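Please examine the sequence and the three-dimensional structure shown below. The paragraphs that follow lead through selected features one after another.

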Amino acid sequence: MPRLVRHSTGPGETVGLATLGDHGTEACFRVVSRPPSAPTPYVPGPHLTAARLRRVPDFQAPRGTRDLLPAERAAFRRLETVATDLARRYGYREIETPLFEQTAVFERGVGEVTDVVEKELFRLAPRNEESESWALRPEPTAGIVRAYIQHGMQTLPQPVKLTMTGPMFRYDRPQAGRYREFWQFDVEAIGDPGPAIDAELIELALRFYREVGLADVEVRLNSIGDAACRPAYVEELTAYYREHLDRLPPVERDRLERNVLRLLDSKDPAMVELNAGAPKITDRLCDACAEHFAGVRAHLEALGITYALDPGLVRGLDYYTRTAFEFFPRAGGGQQSALGGGGRYDGLVELLGGRPTPGIGFGVGLDRVVLALAAQGVSPPNDPGLVAVVVGADPAASAERLRVATDLRGAGLAVRADLGHRKLGRQLEAASKEGAHFAIILGDELADGQVQLKDLQAGTQRLVGIEDLERELSRATSSHRHG
Ligand code: HAM
């Protein structure tokens, strides 16, 4: 029985040094999960067998990040493909901005008094005294708007419709569905005041969820007004919370004077009742904002989209004006379950130095979509994998195997050559394990221009002319959807 010698604990894991009873050898291990009710420090009980102890490698992916291993990468690739194809169908074109920007782009764009900038920005250490201050992008919108201004896109026909999919970085407390590096599918329409395009974007996002297999996604909708009506509302809201100061948890009390809107979407149970009685922004919109919001709703209704009005939805970034929305799985899934969100940012282009230009967009959290798909039991589609592996009776004849595989790859087929020196039986075993459909066996028949084509799935085998291989495999590929 392993005995714990010393250990340290982090959320959901225990790292330590154990003595394995029988051998008395010490092993460093990581218990990936400990019972939620377990006290900290947690001393593993008899259920911790040697088999569950794993050696900790010297280096690991940074906390809050993870490696996307081939199966998960394939799932992400598919989401990216659906995202990009879909956005193109709606007239969006791909853009790529740097993973880091001048810090001021985010400070000014996203807002200095937001969690994203105040607490979660990955600031890069300056390399010398002259260098500017840089930060990893916590979200794509500010960088895309910076690019829009920098490249004079205001002179193009408006709106300029852009899409980007890639990793974002937030120094957040890691937990399920909340990572320090995560992926977003982002869509931005810059230069259209709406309201029709607001509805079109929401419909696009919903179609994305549907096409990847998440049918039951709820839209929560709000309007958070603009520079004309929000200041008076913020004042009224501040006065309301000041009246109930004694009921505010310390964190919210601190936020009250700095970013009062954020109190409305507080997750603290103590705030539920207080927030229910708070004045609602949708009752305080100026005429122009109210008309705009009515327009968004009318267009959503024209598209047959149902939505839930949520007056507490204020979003966490400062650039929003008017339309704000978020997407949640209807089945629920806790606080970390927002599958995406977005809204209008009619002041952002000007804030970053451009001419006043309206804009709207959304970001979908792909990591959360992958989690939601798994939670709903929707398995990602199979990786197409290899069509064939070229193996050989003569282990030394690797050049032959390489040549045959190279020619087939040149014809666009996914073919691996077994280049090692193991026996034919082992080569075939490896090809089956990999899920290849065929093994192309090079043997004596090669002298007559023929090879054995073994169907690993059907277990059949026949002689095929080497010049017919490409046609045979292509036919099998299209009928079995390989490649
Ligand atoms: P956001 O709501 O901050 O909006 O992020 C969009 C989505 O990214 C979230 O709904 C969530 O699914 C995912 N997400 C955010 N943080 C994390 C995290 N730490 N780990 C995993 N997933 C996360 C924006 O970023 C805006 N730029 C959206 C937008 C575009 N608004 C206008 N245009």
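Phe-100 is placed in strand S5, residues 100-102; helices (H or I, at least four residues) and strands (E, at least two) are DSSP runs, numbered from the N terminus. The model is predicted: local features need pLDDT of at least 70, side-chain atom pairs count only at pLDDT 80 or more, and totals for chains, interfaces and linings use all residues. Residues are numbered from 1 along each chain as its sequence is written, and side-chain values use heavy atoms, with hydrogens and water left out.

Phe-100 has a relative accessible area of 40% and is partly exposed; buried means under 20% relative accessible area, exposed over 50%, and partly exposed in between (1.4 Å probe, protein chains only). Together with Leu-99 and Leu-124, Phe-100 makes a nonpolar surface patch of about 240 Å². Patches are made of residues with over 30% relative accessible area and no salt bridge, where like charges are joined within 9 Å and nonpolar side chains (Val, Leu, Ile, Met, Phe, Trp, Tyr) within 5 Å.

The next topic is the ligand. It is surrounded by 27 residues, the closest being Glu-139, Thr-141, Arg-170, Tyr-320 and Ala-338; a residue is counted if one of its heavy atoms lies within 4 Å. A polar side-chain atom of Glu-139 lies 2.5 Å from a nitrogen atom of the ligand, and a polar backbone atom of Ala-338 is 2.8 Å from an oxygen atom of the ligand. On its own the ligand has 650 Å² of accessible area, of which the protein covers 96%; such areas come from the Shrake-Rupley method with a 1.4 Å probe, and for residues only the protein chains shown count as cover. Strand S9 (181-190), strand S13 (340-344) and strand S14 (359-365) each supply at least two residues of the shell.

Salt bridges form the last topic. The whole structure has 33 of them, each being a side-chain nitrogen of Lys or Arg within 4 Å of a carboxyl oxygen of Asp or Glu. One joins Arg-284 and Glu-236, whose closest N and O atoms are 2.6 Å apart. This pair links distant parts of the chain, 48 residues apart: Arg-284 is in the loop between helix H8 (272-276) and helix H9 (287-302), and Glu-236 is in helix H6 (residues 230-243).

In another salt bridge, the closest N and O atoms of Arg-462 and Glu-472 are 2.7 Å apart. Arg-462 lies in strand S19 (residues 460-465) and Glu-472 in helix H14 (residues 469-480), so the pair ties together parts that are 10 residues apart in sequence. Arg-462 is partly exposed at 42% relative accessibility, whereas Glu-472 is buried at 14%.

Notes
A polar contact is a pair of N or O atoms within 3.5 Å; within protein, one must be able to donate a hydrogen and the other to accept it, and residues adjacent in sequence count only if both atoms are side-chain atoms.
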